[in-house]
Amino acid sequence: MRGVDFSDSDLYASLFRSSDLQGARFSSSILSKCDFTDAKNYEIHLNHNRVTDAVFSFPEAINLLNGFDIRVKY
């Protein structure tokens, strides 16, 4: 799913398991109840998408903090 534009999409309960989402665009998308287990290379801004009850795997889930003015130390 590299480079797919999911902007303004209703993806409620979609399965993205083990997907490579490099370059995929999520903007004003509904991602509620989506499963991103073992997905990689995604960039989803939590302030610009509805992401309630979605599932993500560590360590990729740390990417959800991109776009916030914070630093995470390992």
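1. A residue is called buried here when its relative accessible area is under 20%, exposed when that area is over 50%, and partly exposed in between, with a 1.4 Å probe and protein chains only. By that rule Asp53 is exposed, because its relative accessible area is 57%.

2. The structure is a predicted model, in which local features need pLDDT of at least 70 and side-chain atom pairs count only at pLDDT 80 or more, while totals for chains, interfaces and linings use all residues. Residues are numbered from 1 along each chain as its sequence is written, and side-chain values use heavy atoms, with hydrogens and water left out.

3. Phe6 sits in the segment before strand S1 (35–36), where strands (E, at least two residues) and helices (H or I, at least four) are DSSP runs numbered from the N terminus. Phe6 counts as buried because its relative accessible area is 10%. Leaving aside residues up to four places away in sequence, Phe6 touches Met1, Leu11, Phe16, Leu21, Ala24, Arg25, Phe26 and Ser29, a contact being heavy atoms within 4.5 Å. The C-alpha atom of Phe6 is separated by 18 Å from that of Asn63, which is 57 residues apart from Phe6 along the chain.

4. On the aromatic side, the whole structure holds 8 aromatic pairs; rings of Phe, Tyr and Trp (its six-membered ring) pair if their centres lie within 6.5 Å, and planes under 30 degrees apart count as stacked, over 60 as edge-to-face and the rest as tilted. One of these pairs is the stacked one of Phe6 and Phe26, with 5.0 Å centre to centre and 15° between the planes. The pair links distant parts of the chain, since Phe6 and Phe26, both in the segment before S1, are 20 residues apart. Both Phe6 and Phe26 are buried. Phe36 and Tyr42 form a tilted pair instead, at 5.8 Å centre to centre and with 55° between the planes, and both of these residues are buried as well. Phe6, Phe16, Phe26, Phe36, Tyr42 and Phe56 form one aromatic cluster.

5. Turning to charge pairs, a search of the whole structure gives 3 salt bridges, each being a side-chain nitrogen of Lys or Arg within 4 Å of a carboxyl oxygen of Asp or Glu. In one of them, Arg2 meets Asp20 with the closest N and O atoms 2.9 Å apart. Both residues lie in the segment before S1, so the pair ties together parts that are 18 residues apart in sequence. Arg2 counts as exposed at 54% relative accessibility, whereas Asp20 counts as buried at 18%.

6. A further salt bridge joins the side chains of Asp35 and Arg17 at 2.7 Å, N to O. This pair links distant parts of the chain, with Asp35 in strand S1 and Arg17 in the segment before S1, 18 residues apart. Asp35 is buried because its relative accessible area is 13%, while Arg17, with 48%, is partly exposed.

7. The side chains of Lys33 and Asp53 also meet in a salt bridge, at 3.1 Å from N to O.
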